[in-house]
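Here is a short note for a first look at this model. Please read the points with the structure open beside you.

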Amino acid sequence: MPVKARQPLPPLPELTDAQRRGADCVFCATPLRNRASVDLGMRRRTEQGQQLTIHPRRCAAACRPGSASAALPPPTPGLIAQLSARTTLDRTGSGRTFASLLITHPAPQFESVDPVVVERLMLGVAVTLGAVPAVLPTVVPGRAPSFSVDRVSLVSAGALVHFDGTPWSMRIAESPGWSRVVASLGRVLIVVGLDELSPVASAAEVDEYIECAGAADRLYATVSSVADRRRRAALRRP
Ligand SMILES: [Zn+2]
């Protein structure tokens, strides 16, 4: 069996009782009751002269960003219906084609929205897709920020994107070349922007958005496998 170095834990005084028991993630304090988790094994510690053992666990997928108290809501059906999706085919530095999907919040045409609210909604979108802060520019697909399982499935009229914590999926309109690449590679780079972007932004505006958001650490990303349709349906049945 391969032996792996133990992951260092946050300092003991910073851990809540729930984190010490393994009820909450030791890194981000997300409750693990309904989430896949990884047991980090029993650890012995000393606190104020007293021996104690802790049983830390962590999120199996990406940890939720930010602090524990700020548990993020999964996207509501209304938000999912509003989100904009842009499918693109790009090339890696080594010339291989990959498919990506950019998910953003639409900028309303006639009113202003609170960017803090948008950010929180989009963080919810990002974490329920298993996305983590991304370093984009030219390294996009080579340095996968995280891997997610079966977030995307191909359907006859396009694709569906699946989030944790909600039975509602996001529908992506058909774009034949993109779907073909997704089907043949079996994976998609999903990028979530924390800032709003006009649904009618031009290609140049989208590029600029990615550049600015990426430079400001406001893009989250994950590489997802493409779900087998039948298995996904079975998993999703309530
Ligand atoms: Zn976590």
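Is D90 buried, partly exposed or exposed? D90 counts as partly exposed, because its relative accessibility is 34%. Buried means under 20% relative accessible area, exposed over 50%, and partly exposed in between (1.4 Å probe, protein chains only).

1. **Ground rules.** This is a predicted model: local features need pLDDT of at least 70, side-chain atom pairs count only at pLDDT 80 or more, and totals for chains, interfaces and linings use all residues. Residues are numbered from 1 along each chain as its sequence is written, and side-chain values use heavy atoms, with hydrogens and water left out.

2. D90 sits in strand β5 (residues 84–91). Helices (H or I, at least four residues) and strands (E, at least two) are DSSP runs, numbered from the N terminus.

3. **Salt bridges: R20 and E47.** The structure holds 4 salt bridges. Each is a side-chain nitrogen of Lys or Arg within 4 Å of a carboxyl oxygen of Asp or Glu. One of them joins the side chains of R20 and E47, at 3.0 Å from N to O. This pair links distant parts of the chain: R20 is in helix α1 (residues 17–21), E47 is in strand β2 (residues 43–47), and 27 residues separate them. R20 counts as buried because its relative accessibility is 14%. E47 has a relative accessible area of 25%, so E47 is partly exposed.

4. **Salt bridges: the network.** Which residues are linked in a network of salt bridges? They are E119, D195 and R218. R218 pairs with E119, the closest N and O atoms being 2.8 Å apart. The side chains of D195 and R218 meet at 2.8 Å, N to O. D195 lies in strand β11 (residues 187–197) and R218 in the loop between α5 and β12, so this pair ties together parts that are 23 residues apart in sequence. E119 is partly exposed, because its relative accessibility is 27%. D195 is partly exposed, because its value is 24%.

5. S224 is placed in strand β12 (residues 219–226). With 1% relative accessibility, S224 counts as buried. Its side chain reaches the backbone nitrogen of R151 at 2.8 Å. S148, in strand β8 (residues 147–155), is buried at 9% relative accessibility. A polar contact of 2.6 Å joins the side chains of S148 and T222. Such a contact is a pair of N or O atoms within 3.5 Å; within protein, one must be able to donate a hydrogen and the other to accept it, and residues adjacent in sequence count only if both atoms are side-chain atoms.

6. **Positive phi.** Most residues other than glycine have a negative phi. A29 is not a glycine, yet has a positive phi of about 65°. A29 lies in the loop between α1 and β1 (37–39) and is buried, at 13% relative accessibility. Q48, also not a glycine, has a positive phi of about 50°. Q48 lies in the loop between β2 and β3 (50–54). Q48 is exposed, because its relative accessible area is 80%.

7. **C-alpha pairs.** T128 is in the loop between α3 and β7 (132–133). T128 is buried, with a relative accessible area of 3%. The C-alpha atoms of T128 and D164 are separated by 4.7 Å, and the two residues are 36 residues apart along the chain. M42 is in the loop between β1 and β2 and is partly exposed, at 39%. M42 and P56 are 14 residues apart along the chain, with 6.9 Å between their C-alpha atoms.
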